[in-house]
Amino acid sequence: MTTLYLVRHGETVDNAKRIMQGQTQGQLNENGIRQAKELGQKLADVHFDAYVSSDLQRSIETCRVMVGNEKQALIVTTKLLRERDWGSFTGKFIPELANLNDPSKWPDDIETLEELKQRAAKFLEWIKCEYPDKTVLAVGHGIINKAVQSVFYGKPMNEIAVMKNADVRILKIE
């Protein structure tokens, strides 16, 4: 069985400003760095066999802060764990996105829920195959992490609790 510690990156400059980041790189703010350090300390007694991160900077930076300097070279990045592609919503002030709760009114350039969940399923399969019987720390993003859990538990996305910045969920993959 593979044990996956699924983490959401620390708070970013754009999170604090309520900007839709999507697949932009993002940068941790001071609070996000603190969150990553605190989570790293909470998980200090866990032996991780592997460190995986989304290939976006905010996740890589969170992972680096969590694992410390000596293990940074061991971080494997993957596009499978990238945040949802929000298309033309990217960079917009979230409260101004009036149609955010009605996907039927979204632009066509946004990654669909089906596409997102397919990517989440590929991520879970990759982790299972690449790291059998290992303990893996994986740092991703709010929506993709929710999709990973949705696929893992076989539940709709709206039944998966929101992950705050630097939250962790533990999944046992058989």
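D102 and K105 form a salt bridge whose closest N and O atoms are 3.9 Å apart; a salt bridge is a side-chain nitrogen of Lys or Arg within 4 Å of a carboxyl oxygen of Asp or Glu. The model is predicted, with local features requiring pLDDT of at least 70 and side-chain atom pairs counted only at pLDDT 80 or more, whereas totals for chains, interfaces and linings use all residues. Residues are numbered from 1 along each chain as its sequence is written, and side-chain values use heavy atoms, leaving out hydrogens and water.

**Salt bridges**
- The structure contains four salt bridges.
- D102 is partly exposed at 27% relative accessible area, while K105 is exposed at 52% (buried: under 20%; exposed: over 50%; partly exposed: in between; 1.4 Å probe, protein chains only).
- E111 and R119 pair at 2.9 Å, N to O; E111 is buried at 11%, and R119 is buried at 12%.
- R34 pairs with E38 at 3.0 Å; because these residues lie four apart in helix 2, about one helical turn separates R34 and E38 (helices: DSSP runs of H or I, at least four residues; strands: runs of E, at least two; both numbered from the N terminus).

**Cysteines**
- The count of disulfides (cysteine sulfur pairs within 2.5 Å) is zero.
- C63 is buried at 0%, whereas C129 is exposed at 53%.

- R18, in the loop between helix 1 (13-17) and helix 2 (30-42), has a positive phi of about 60°.
- D133 has a positive phi of about 55° and lies in the loop between helix 4 (113-130) and strand 4 (135-140).
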